Amino acid sequence: MALNFKMSELIHSDTAAKYKINNMPDINSLDNMLDLITYCLQPIREKIGKPMIITSGYRCSTLNNHPEIRGVKNSQHTTGQAVDFVITGMAPDQIIAKIKSFGIEFDQLINEYNRWVHISFNKGKNRHQVLRY
């Protein structure tokens with residue numbers, strides 16, 4: 001299977017670059033990101049047939065706690081288990097409906113502020129939660 005994603009997409013942060021925050025994940029977070037790509041992101045990309053733009057991926061705790069980010073304390077972004085993304089020409093509700101119809105395994109699917117989709121994957125512990133903020 002050819003992958004359409006690079007780890008660099010999931011690690012990149014303009015905020016980290018701006019404030020010189022080392023956002024390099026540990027080995028466990030890298031493993032989690034590979035699972036997220038394999039079980040969620042790549043299947044979504046193949047079934048929808050359009051590029052996904054990752055708007056937020058892995059965040060080290062320093063980055064997650066930064067005033068420009070203000071991530072929640074237990075964010076799955078800090079463990080490499082979550083990304084936020086958009087797909088050009090599709091609303092978050094449309095993306096979520098498609099993902100659910102495809103039967104793709106996930107922990108959480110969240111329509112965040114009707115601007116992007118948050119998806120997480122927690123191997124062996126997925127809750128299949130669909131939320132809206």
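Predicted model: local features only at pLDDT ≥ 70, side-chain atom pairs only at ≥ 80, totals over all residues.
Let's start with the strands. S1 and S2 run antiparallel, with 3 bridges joining them. If you want a spot to look at, find Ile54, which stands opposite Phe85 in S2. S2 also pairs with S4, again in the antiparallel sense, this time over 4 bridges. There, Ala82 stands opposite Ser120 in S4. Here's a handy thing to remember while you turn the model around: in a regular strand, side chains alternate between the two faces of the sheet.

The largest one has 30 residues, and the ones with the most contacts inside it are Leu41, Val83, Phe85, Ile99 and Ile119. Which elements give two or more residues to this core? They are helix H1, at 7–11, plus H3, S2, H5 and S4. H3 supplies the largest share, with 7 residues.

Let's zoom in on Leu41 for a moment. If we leave aside neighbours within four places in sequence, Leu41 is in contact with Phe5, Leu10, Leu36, Met52, Ile54, Val83 and Ile119.

Side chains of opposite charge can pair when their charged atoms come close. Searching the whole structure turns up 5 salt bridges, and I'll walk you through some of them.

Take Asp35 and Lys123, whose side chains meet in a salt bridge at 3.9 Å, N to O. Asp35 sits in helix H3, residues 27–48, while Lys123 is in the loop between strand S4 (116–120) and strand S5 (129–132), so this pair ties together parts that are 88 residues apart in sequence. Is Asp35 buried or exposed? It counts as buried, because its relative accessibility is 17%.

Then there's Asp84 with Arg59, a salt bridge at 3.8 Å, N to O. Asp84 belongs to strand S2, residues 82–86, and Arg59 to the loop between strand S1 (53–56) and helix H4 (61–64), so parts 25 residues apart in sequence get tied together. Here both partners, Asp84 and Arg59, are buried.

One more: Asp93 forms a salt bridge with Arg132, and the closest N and O atoms are 2.8 Å apart. With Asp93 in helix H5 (residues 92–102) and Arg132 in strand S5, the pair ties together parts that are 39 residues apart in sequence. Asp93 is partly exposed, because its relative accessible area is 39%.

Now for the rings. We describe a pair of aromatic rings by the distance of the centres and the angle of the planes. This structure holds 2 aromatic pairs. In one of them, Tyr39 and Phe121 have ring centres 5.0 Å apart and planes at 10°, so we call the pair stacked. It links distant parts of the chain, too: Tyr39 is in helix H3 and Phe121 is in the loop between S4 and S5, 82 residues apart. Tyr39 is partly exposed at 37% relative accessible area, whereas Phe121 is buried at 6%.

Tyr113 and Trp116 also form an aromatic pair, but an edge-to-face one: 5.7 Å centre to centre, with 65° between the planes. Tyr113 counts as exposed at 52% relative accessibility, and Trp116 counts as buried at 19%.

Stay with Tyr113, which lies in the loop between strand S3 (108–112) and S4. Its phi is near 60°, a positive value in a residue other than glycine. Arg70 has a positive phi as well, near 50°. You'll find Arg70 in the loop between H4 and S2, and at 68% relative accessibility Arg70 counts as exposed.

Key: Residues numbered from 1 in each chain as written. Heavy atoms only, no water. Salt bridge = Lys/Arg side-chain N within 4 Å of Asp/Glu carboxyl O. Buried < 20%, exposed > 50% of the residue type's maximum accessible area, 1.4 Å probe, protein only. Core = buried A, V, L, I, M, F, W, Y, C linked by side-chain atoms within 4.5 Å. Contact = heavy atoms within 4.5 Å. Phe/Tyr/Trp six-rings, centres within 6.5 Å; stacked < 30°, edge-to-face > 60°. Pairing = 2+ DSSP bridges.
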